[in-house]
Amino acid sequence: MDTPTSKKLDIIIPAFRGHSQNFLMVLDGISEEDALKRIEGKTNHIIWMAGNFLDMRYALGALLGIQEEFEFKEVFFQGKSLDESLEYPSLQQLKDAFHKISPLVYQKLLEVSDEELDKAFPMGMNIDFFPETVLNFIGMCIGREDYLCGQIGLMRRILGYEGLKYEFDKDLKY
C-alpha cells in the first residue's frame, strides 16, 4: 500500500482505493439501457448514482488543487436532483471520467499535509460536533461514495444482475 504524507489519511487511502474497485465492479456488465431505468418512478437511475459518485471525486480533486472540471457537472453538481428532461451521459463516458480524475485525486491524497487537512473548509452545516475542515470534507466524500456504491449494488439486484463479486484488480493503483 502507498503511504500518505499525513497519518490522518491512513484509513482514507485504502477506503479510496476500495471504492475505486467497488465502483468499477458494481457497474460491470450493466447495460446502457438498464443504467437509465428507475424502479416504479421512485428511484434514481444508475447513471445518476454513478455521476454523483464522480461529482464527489471531482469535488475532492478541486479541494486538493486539481484543475480538472467534471464534463457533466451541470447535471450532477452537489447531488442535483434527477431531472428526466435532461440528457445524461453514458456509463462509458462516466467510466472514462472516473479513470481521468481518480489517479489524480489519489496522488494528491498521498501528498497532502496535516496542515492542509486541518484548514477550515466551511460547508454551512453548523453542527457543533463536526469541525468543518478539509479532512472532514474528505471523510464526507468517502462516505458518500460508499453510499452510492451500495445504492448501485441494490439496483443491480433489482434489475436482475448478479450481486457484486469482490474480485479486486491488483493492478488498479488508485
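Tutor: Start with helices and strands. Helices (H or I, at least four residues) and strands (E, at least two) are DSSP runs, numbered from the N terminus. Two notes on the source. This is a predicted model: local features need pLDDT of at least 70, side-chain atom pairs count only at pLDDT 80 or more, and totals for chains, interfaces and linings use all residues. Residues are numbered from 1 along each chain as its sequence is written, and side-chain values use heavy atoms, with hydrogens and water left out.

Student: Is F121 buried, exposed or partly exposed, and why?

Tutor: Buried means under 20% relative accessible area, exposed over 50%, and partly exposed in between (1.4 Å probe, protein chains only). F121 is partly exposed because its relative accessibility is 26%.

Student: Which residues does F121 touch?

Tutor: Contact means heavy atoms within 4.5 Å. Not counting residues up to four places away in sequence, F121 touches L63, E132, T133, V134 and F137.

Student: How do I read a salt bridge?

Tutor: Look for a side-chain nitrogen of Lys or Arg within 4 Å of a carboxyl oxygen of Asp or Glu. A search of the whole structure finds nine salt bridges. One of them joins K7 and D10, with the closest N and O atoms 3.5 Å apart. K7 is exposed, at 59% relative accessible area. D10 is partly exposed, at 32%.

Student: Which residue is the partner of D34?

Tutor: K37, in a salt bridge of 2.7 Å, N to O. D34 counts as buried because its relative accessibility is 11%. K37 counts as partly exposed, at 36%.

Student: Where does the bridge between R38 and E84 sit?

Tutor: The side chains of R38 and E84 meet at 2.6 Å, N to O. This pair links distant parts of the chain, 46 residues apart. R38 is in the loop between helix 1 (12-27) and helix 2, while E84 is in the loop between helix 3 (73-76) and helix 4 (91-111). R38 is partly exposed, with a relative accessible area of 24%. E84 is exposed, at 63%.

Student: What about a charge without a bridge?

Tutor: For charge, Lys and Arg count as positive and Asp and Glu as negative; His and the chain ends are not counted. Take D55, in helix 2 (residues 46-63). D55 is buried yet has no salt bridge. K73, the nearest side chain of opposite charge, is 6.7 Å away.

Student: What does the side chain of D55 reach?

Tutor: The backbone nitrogen of Q78, at 2.8 Å. D55 also touches F70, F76, F77 and G79, among others, not counting residues up to four places away in sequence.

Student: Is N52 buried or exposed?

Tutor: N52, also found in helix 2, is buried, with a relative accessible area of 2%. Its contacts include F76, G79 and R144.

Student: How is a pocket found?

Tutor: On a 1 Å grid over the protein atoms alone, a pocket is an open set of points where a 1.4 Å probe fits, with protein on both sides within 12 Å along at least five of seven lines; lining residues have an atom within 4 Å of a point. The largest pocket here is lined by 21 residues, of which D55, A59, F77, Q78 and F137 lie nearest its centre.

Student: Which helix gives the largest share of that lining?

Tutor: Helix 2, with six residues.

Technical notes
Polar contact = N/O pair within 3.5 Å; in protein donor to acceptor, adjacent residues only side chain to side chain.
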